[in-house]
Amino acid sequence: MLDVRDLQVEFRTRDGIAKAVNGVSYSVDAGETLAVLGESGSGKSVTAQAVMGILDSPPGFVTGGEVLFKGEDLLTMGREARRKVRGAKMAMIFQDALSALNPVVSVGAQLGEMYEVHRGMSRKAARAKAVELMERVRIPAAHQRVGDYPHQFSGGMRQRIMIAMALALQPDLIIADEPTTALDVTVQAQVMDLLAELQREYNMGLILITHDLGVVADVADKIAVMYAGRIVETAPVHELYKRPAHPYTRGLLDSIPRLDQKGQELYAIKGLPPNLVAIPPGCPFNPRCPRVQDVCRTDRPPLYEVAEDDGTPLPGRTSACHFWKDELADA
């Protein structure tokens with residue numbers, strides 16, 4: 001359904017050109033969930049914005065690559081054609097619902113606008129559809145609350161409204177950018193369960209952007225790990241948890257709090273992500289990597305195909321590490 005090929009995005013700043021996305025490639029099929037993981041600043045959200053065509057330009061510019069949606073390159077589409085795809089065929093759930101929703105327009109009017117603009121419905125018919133959507137995402141007393149404003153809803157309910165807005169036109173693909181940020185654990189689980197249920201019902205492709213490995217364990221089919229604007233590892237979800245093939249992925253996994261570590265100091269990846277204006281030569285992760293060797297400081301690793309010791313390929317597995325074999329063996 002979606003095939004992103006060698007996508008490149010840069011931001012032109014006073015300090016220089018920041019390469020926020022540097023050759024990202026991934027694909028998503030109908031009914032499949034791809035989780036994109038990484039620390040803040042790794043390029044996850046910028047990639048999604050470029051795919052959706054909502055990147056602020058300037059200062060951000062797509063400088064290369066292709067974004068193929070059902071075989072058509074979105075990057076070469078005209079503005080009007082791209083607008084018809086956005087919302088109707090592709091939709092996005094933003095991480096901060098309070099900022100994404102218009103504070104001075106009722107949620108019913110915001111939901112109904114999708115039907116008025118894309119389906120040509122009357123305001124009355126669109127409002128009825130808005131009530132249906134609110135009921136579909138399990139907002140209590142939808143008929144009474146359709147005229148309420150965003151600030152009158154809790155964080156979890158606002159996130160459900162964002163999901164309803166994304167689902168309004170039953171798109172083929174949804175991009176969820178940190179959809180459970182700032183929600184408590186119980187509400188996080190409810191939101192993710194709802195999203196997974198709706199995805200199965202409509203057979204949608206889903207890109208889930210997050211920094212929380214715990215959130216994706218039960219919902220993702222495959223994972224792409226990003227660092228400094230590049231994908232550094234891809235794998236089916238359960239294989240990545242069992243046998244990471246990149247030191248950065250292992251660091252992310254080791255930093256997850258576990259019940260059997262009570263009283264122990266939590267693991268943290270040392271240092272900070274690189275300045276995207278001055279990415280270090282070689283592997284971008286080398287200043288923080290516990291496995292670093294001289295070649296890591298001079299030669300940038302390609303995305304290697306990962307295989308067993310006997311050479312048997314591991315489908316869907318890649319790693320941008322010169323020593324992925326050692327990392328896999330230590331798992």
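How many cavities of 30 Å³ or more does the structure hold? I started my notebook with that one, and the count is two.

**Ground rules**

I am reading a predicted model, where local features need pLDDT of at least 70, side-chain atom pairs count only at pLDDT 80 or more, and totals for chains, interfaces and linings use all residues. Residues are numbered from 1 along each chain as its sequence is written, and side-chain values use heavy atoms, with hydrogens and water left out.

**Entry 1: the cavities**

I noted what a cavity is here: on a 1 Å grid over the protein atoms alone, a set of points where a 1.4 Å probe fits but cannot get out, with lining residues having an atom within 4 Å of a point. A volume is the space filled by probe spheres set on the points, which are joined across faces, edges and corners.

The largest cavity has a volume of about 90 Å³. I found P247, C283, F285 and N286 in its lining, among others including H322 and F323. By class, I read nine nonpolar, two polar and one charged residues around the largest cavity. For these classes, Ala, Val, Leu, Ile, Met, Phe, Trp, Tyr, Cys and Pro count as nonpolar, Asp, Glu, Lys and Arg as charged, and the others, Gly among them, as polar.

The second largest cavity holds about 30 Å³ of space. Its lining is V51, M52, L74, R82, V85, R86 and M90. The elements giving two or more residues to this lining are α1 (44-52) and α2 (79-85). Helices (H or I, at least four residues) and strands (E, at least two) are DSSP runs, numbered from the N terminus. By class, the second largest cavity has five nonpolar, no polar and two charged lining residues.

**Entry 2: the nonpolar cores**

Next I looked up cores, meaning sets of buried Ala, Val, Leu, Ile, Met, Phe, Trp, Tyr and Cys residues joined through side-chain atoms within 4.5 Å. Buried means under 20% relative accessible area, exposed over 50%, and partly exposed in between (1.4 Å probe, protein chains only).

Which residues touch the most other members of the largest core? They are L2, Y26, I163 and I207, out of 97 residues. Helix α7 (residues 155-167) gives the largest share of this core, eight residues. Another core, of eight residues, lies apart from it, and A245, C296, V306 and C321 are among its members.

Is A126 buried or exposed? A126 is buried, because its relative accessible area is 0%. I found A126 in helix α5 (residues 123-136). Not counting residues up to four places away in sequence, A126 touches G112, Y115, E116 and M121; contact means heavy atoms within 4.5 Å.

S106 also counts as buried, at 12% relative accessibility. S106 sits in the loop between α3 (97-100) and α4 (107-119). Leaving aside neighbours within four places in sequence, S106 is in contact with V146, G147, D148 and Y149.

**Entry 3: the strands around β12**

Two strands pair if DSSP finds at least two bridges between them. Strand β12 (residues 313-319) pairs with β10 (residues 230-236) in the antiparallel sense over two bridges, and S319 is the bridge partner of E233. Strand β11 (residues 304-307) also pairs with β12 in the antiparallel sense, over three bridges. β11 and β12 form a hairpin with five residues between them, and G311 in the turn has a positive phi of about 90 degrees.

Definitions and conventions. 1 Å grid on protein atoms, 1.4 Å probe; cavity = no way out; pocket = protein on both sides within 12 Å on 5 of 7 lines; lining within 4 Å.
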